[in-house]
Amino acid sequence: MMSRIVIISGSPLAPSRTDLVLRYVESILQEKGITVDYIAVPDLPPEDLVYARFNSPAIRGVIERVENADGIIIGSPVYKASYTGVLKALLDLLPENAFRDKPVLPFMVGGSIAHLLAVEFSLKPIIHNLKGVSTQGVFFEDSSIDKESSGNPIKETDCEFRLQSQLEELLNAIAEKHRATQLVGNFR
């Protein structure tokens, strides 16, 4: 069964280190034959986000893509020890069960190791609030990402290993969910 993964980038800047790594992840997943929907929050109409237009066509489209996804990757730079405000504006517009039972990989990029726990204390709680099942998650320091790279922007081998490991965890969780769904279907 072909899997579909939605990548949500909460970076307000383009290009950004967060987007570079998320686009790299997108290419890895596509090479594995996985369908990827990439949602960059700044590409959404600002009025829809600011005025909480839950039923705008753009927001309805995001909700539909999230609902049809088998898994989600959500990434953000660290701003004020948390994820960005533009990402928060989008997440506030999603239904409270938007990530229900979906494996979700949280990803953050911060200026220093002091921001390491932002994944644990900011992204994971919102993933759980939206009823998703979070993987361990990945945090990168800005310095481990090469903004000039056109291919793999990750400079450090241990960072690449952590990213690949977390992608495998996400893909395994999606595959396990597919197997469980098939088993339930066979007993009906």
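Guide: Start at Ser165, which is found in helix H6. The model is predicted, so read every value as computed from it. Ser165 is partly exposed, with a relative accessible area of 32%.

H6 supplies the largest share, three residues. What is the make-up of the lining by class? Five residues are nonpolar, four are polar and two are charged.

Glu120 forms a salt bridge with Lys124. The closest N and O atoms are 2.8 Å apart. Why are Glu120 and Lys124 separated by about one helical turn? Because they are four residues apart in helix H5. Glu120 counts as partly exposed, at 36% relative accessibility. Lys124 is buried, with a relative accessible area of 12%. The cut-off for buried is under 20%, so the value for Lys124 falls below it.

The largest nonpolar core has 31 residues. H5 gives the most to this core, with five residues. Other elements that each supply at least two residues are strand S1 (4-9), helix H3 (57-67), strand S3 (71-77), helix H4 (85-91) and strand S4 (103-110). Ile8, Leu91 and Phe99 have the most contacts inside the core. In soluble globular proteins, nonpolar side chains tend to be buried together.

Look at Ile8 in more detail. Leaving out residues up to four places away in sequence, Ile8 touches Leu22, Ile39, Val41 and Val66, among others. Ile72, Ile73, Ile74 and Gly75 are also on its contact list. Leu87, Leu90 and Phe99 are there as well.

Leu87 is found in helix H4. Is Leu87 buried or exposed? Leu87 is buried, with a relative accessible area of 0%. Its contacts, again without residues up to four places away in sequence, are Ile8, Gly10, Val41, Ile74, Gly75, Ser76 and Leu123. Val41 lies 46 residues from Leu87 along the chain, yet their C-alpha atoms are separated by 6.5 Å.

Arg4 lies in strand S1 and Asp37 in strand S2 (residues 35-40). The pair is 33 residues apart and links distant parts of the chain. Arg4 is partly exposed, with a relative accessible area of 30%. Asp37 is buried, at 16%.

Another bridge joins Arg53 and Asp48, at 3.7 Å from N to O. Arg53 is partly exposed, with a relative accessible area of 38%. Asp48 counts as buried, at 7%.

Finish in the loop between S3 and H4, where Lys80 is placed. Lys80 has a positive phi of about 50 degrees, although it is not a glycine. Lys80 counts as exposed, at 83% relative accessibility. Ala81 has its place in the loop between S3 and H4 too. Ala81 has a positive phi of about 65 degrees and is not a glycine either. Ala81 counts as exposed, at 53% relative accessibility. The cut-off for exposed is over 50%, so Ala81 qualifies.

Notes. Residues are numbered from 1 along each chain as its sequence is written. This is a predicted model: local features need pLDDT of at least 70, side-chain atom pairs count only at pLDDT 80 or more; totals for chains, interfaces and linings use all residues. Side-chain values use heavy atoms; hydrogens and water are left out. Ala, Val, Leu, Ile, Met, Phe, Trp, Tyr, Cys and Pro count as nonpolar, Asp, Glu, Lys and Arg as charged, and the others, Gly among them, as polar. A nonpolar core is a set of buried Ala, Val, Leu, Ile, Met, Phe, Trp, Tyr and Cys residues joined through side-chain atoms within 4.5 Å. Buried means under 20% relative accessible area, exposed over 50%, partly exposed in between (1.4 Å probe, protein chains only). Contact means heavy atoms within 4.5 Å. A salt bridge is a side-chain nitrogen of Lys or Arg within 4 Å of a carboxyl oxygen of Asp or Glu.
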